[in-house]
Amino acid sequence: MSLRGWRRTYGAMLLCLFVGYHSAALRALGQDAIGYNRNIRPLLSDRCFQCHGPDEKHRGAGLRLDERHVATSESDSGYIAIVPGNLDESELIARITSTDADLVMPPSDSGKTLNAEEIELIKRWVQEGGEYEPHWAFVPPKRIDPPTSDFTWSQLAIDQFLLAELEKHGLSPSPRADKVTLLRRVTLDLTGLPPTPEETKVFLEDHSHDAFERVVDRLLDSPRYGEHMARYWLDAIRYGDTHGLHLDNYREMWPYRDWVVRAFNANVPWDELTIMQIAGDLRPEATLDDKIASGYNRCHVTTNEGGSIAEEVYVRNVVDRVSTTGTVYLGLTMGCAVCHDHKFDPVSMRDFYSMFAFFNNLDGKAMDGNVSDHPPAIKAPTPEQTAQLDALRNEMQEAEAQLSAPWAEIDEMQAAWETETLEQLATGDVPQVSFGIWHSVGPFTGAVDYLYSSNDGPRGRDVNLEEEFISSTGEKLTWQARPAWADGKVHTDFSQEISATFIYRTIESSRPQSLPIGLGTDDGVKVFLNGDQIHDFQDGRSVTPDEDTLVLQLAKGTNHLLLKIVNEGGNCGFSFSNSELEDAIPAEVTAALNEPSESRTSEQSSKLQQYYRRQVAAAAKLVELLQRIDQLKQEIKTLEGEIPTTLVMKERSDQRPAFLLVRGQYDSPDKELGPLPRAVPEFLPQLPEGASDNRLGLAQWMIDEQNPLMARVTVNRFWQQCFGIGLVDTADDFGSQGSWPSHPELLDWLAVDFRENGWNVKRLMKQLVMTAAYQQSSKSNEKLQAIDPQNRLLARGPRFRLDAEVIRDQALAVSGLLVEKLGGPGVRPPQPDGLWKAVAYSSSNTNRFKPDTGSDKIHRRSLYTFWKRTAPPPQFSTLDAPSRESCVVRRERTNTPLAALLLLNDVQFVEAARALAQRSIQESAGSPDAIARRMMALAVLREPSDAEVTRLVDMFETSRQRYEDDPEGTEKLLAFGQAPRDAELDPVGVAAWTLVANAVLNLDELLNKE
């Protein structure tokens, strides 16, 4: 076959990620030795693997250049792509050096080329034997002793690795950063907030050898640390406060976010965090935190759009779980194998759908029902709510125990009442109808329409008071006796959330007859008598006795009355009355009365006692106790109504089969291949011995020391947080298309050290910021820019633009507005009016944006800002924060004109400038020079130069003249936002200094981490 024919057989190769990168990297880093992983694999992966890689179905002429034994074997055409040591016989060399546009590889229409340097590199590799190596990231990391050097810089292992690379390139470390810069850098990196002037002063005056280390320890112990660390994780697991599609309704998920903050602050080991999040619900004796943590698997975008197909949504949900887990824990682009075998990495479709099998067994519907607590969900009280509930329930338990305890005075009164009542029964003065004690079961949660129409609970079958039910939140619900529910009164012992509660009683009738009754409910009610529905009211209302009047057609003997009360939100309750039988004694009580006291069962004695004490006796102390019990019930009910829910994982009782989906189509399962077993990718070590065949076993595999990816991927992301770029700059891709590590031995050393020291995140963060490399000045020079423009070698300290949330939080902090309150529901700082409405359906419960009021909400940390996924907070999206619709572990660095427009004009940045102006005036001696100096000290934490002060004062004087001539403009500026205003200060002066403060807050020195 001719070269031309060979070219046609193999087809065109498509555009990929790394055009020109590798040769640029070689020139920049000056590497001489040729290694397959470092130098050759990136070239072949970028230019060749699209058609000659792992994807068998799209492979040209059966040639694989990713496997040596195929690349060095004779093809069907008789040619050999690589003949080790022989350039003339190697068809690969002939093709990449061809000048014929129809023959050259990469194909001329692929948009890719190999430059002369890259061609020479491949030729040298083939000439030297064309040796292959396993992909570096798929080999378990091993600890390598750090290199030594005669240069005295640092004794830390990390620095020794970095210094060795610097020396190879003729570079030396930079001097240590000044103390102010260093303090601001580490405070931002560990808490996401700037240091205060007071903290700066303490550090500047501390000349001890361990001054910086003590700062680091203080920051790691701060609750602000957990908030800052959580922000990166929420990007990765695509956390949001809404569903993300169609109506994009509210989703109550913030207890998971708060758990993440608590976990980082408590320094829960990373292996433990991994198990809790992937499979916390499957742990033996799973705790509340275990279950909350499993919400990691429920953060994906969901929908309930009418045109959606449930099976398609189910597949999309599970694909998202697998793809996200592949990125955050393995650094693999597993989603590329949904429709075909991965074109660059050895991840087959079978591998993907075998992983899919771990995540497809959720005991819940794919469609989210447009509800906030899309099942499975659980009640997730905050620690404060748990403490309050425990206290109230303990007091209730004590009060109930007192109500059931021997009470001589009340017991004597009961004995007299029993005698009197038995005499009345003996005369035959007995009602023809008697009512049983009420029982209740619930709440069953869901959307209002669903609750009215569903058959959840005991509806549609005979009532069995021993039956148990499982709510949508996974709680076990059982029937509860309600002896305190007296007829003719309003009872409100119900959940205040949107839910349905069933109540039940028996009615004994001596003959068939009609019985008129009155009902009142908050809200709707369905009434069933002996299994037949006899009444249906569906609307919101409050309880009013006898709102509904019904006639019960009783049969002779025992009749069964079942009510389904639907609460549409808020208070809930009911009343039941029958004027003809107001004094009727429940049948169970009558039966107990007729039994001689010495032969009564304990249950009968208890029913008699509780009936008498709750509904008959009128002793003052007893009434007081009953009132306290009612009050406690109401307090518990109110508090329980305030407890948030959160989405969790819960396995089905039967295992749902997983199939390979042909072309990734939800409706094309490969039935011939059959159901796939749960398994991890074949090219990686398999599940550890004894691991369970579920998500718990998968989590244990993630943290197993044989897993080559987990520890590397994790330490790389933490490195990225501190240094701005990872040792592997493609933090989301450790595969063939990912970048070669800048310091591979250091990456492995960190991974093994992290694992062997208990996966201790705080220890790792301290290791990174304590390095001499981290503490260097970030100033660059021409030599550094020429050799290492991205600062991969770290011959200087990190410098980069701050993330959106940090910029906002910093402005609030230096102005004195920041409210440092931990946890709670998302808050809604001001944003442009109508922004949500532009993208929302009118029926969505997030269709109109209503800003919160009060500093305790609008000046909270950005972590707590309500995140509507179809319209993310504009203060963040303008500064290139992700939308949280998909997993992001590597943010873009923002640098656009829109950023300046936002930072100079957004209401919160303007009011922060006004607050900074007021604070500077209040905390200075009063002269313009003193105010300017204080403002700079608050903002940039240093003493400004005389020239800077002069420029700020000049700006103030110009602005003051403007506002003296424009009283209306002055008042408008001072009324901007909700920040408190100091009425004692000169309004013109405050307005003028506000413009100065606005400029200060936009200094590069503030918007960047130096």
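Colleague: How much space lies in the largest pocket?
Modeller: This is a predicted model, and the figure is computed from it. The largest pocket is lined by 38 residues. The space within the largest pocket comes to about 1200 Å³.

Colleague: Which residues of the lining lie nearest the centre of the largest pocket?
Modeller: By class, the lining holds 14 nonpolar, 11 polar and 13 charged residues. Those that lie nearest the centre are R393, G442, R482, I636 and E640.

Colleague: Which helix gives the most to the lining of the largest pocket?
Modeller: Several elements each supply at least two residues of the lining, among them strand 1 (377-379), strand 3 (438-445), strand 5 (476-478) and strand 6 (480-482). Helix 18 (383-404) and helix 23 (620-642) also belong to that group. The top contributor, with eight residues, is helix 18.

Colleague: How many disulfides does a search of the whole structure find?
Modeller: A disulfide needs two cysteine sulfur atoms within 2.5 Å. For C336 the closest cysteine sulfur is in C339, at 9.6 Å, so that pair is too far apart for a bond. For C339 the closest cysteine sulfur is in turn that of C336. Across the whole structure, the number of disulfides found is zero.

Colleague: What is the relative accessible area of C339, and how does C339 count: buried, partly exposed or exposed?
Modeller: Buried would require under 20% and exposed over 50%. C336, at 37% relative accessibility, falls in between and counts as partly exposed. C339 has a relative accessible area of 40%, so C339 is partly exposed.

Note on methods. Residues are numbered from 1 along each chain as its sequence is written. This is a predicted model: local features need pLDDT of at least 70, side-chain atom pairs count only at pLDDT 80 or more; totals for chains, interfaces and linings use all residues. Side-chain values use heavy atoms; hydrogens and water are left out. On a 1 Å grid over the protein atoms alone, a cavity is a set of points where a 1.4 Å probe fits but cannot get out, and a pocket is an open set with protein on both sides within 12 Å along at least five of seven lines; lining residues have an atom within 4 Å of a point. Grid points are joined across faces, edges and corners, and a volume is the space filled by probe spheres set on the points. Helices (H or I, at least four residues) and strands (E, at least two) are DSSP runs, numbered from the N terminus. Ala, Val, Leu, Ile, Met, Phe, Trp, Tyr, Cys and Pro count as nonpolar, Asp, Glu, Lys and Arg as charged, and the others, Gly among them, as polar. Buried means under 20% relative accessible area, exposed over 50%, partly exposed in between (1.4 Å probe, protein chains only).
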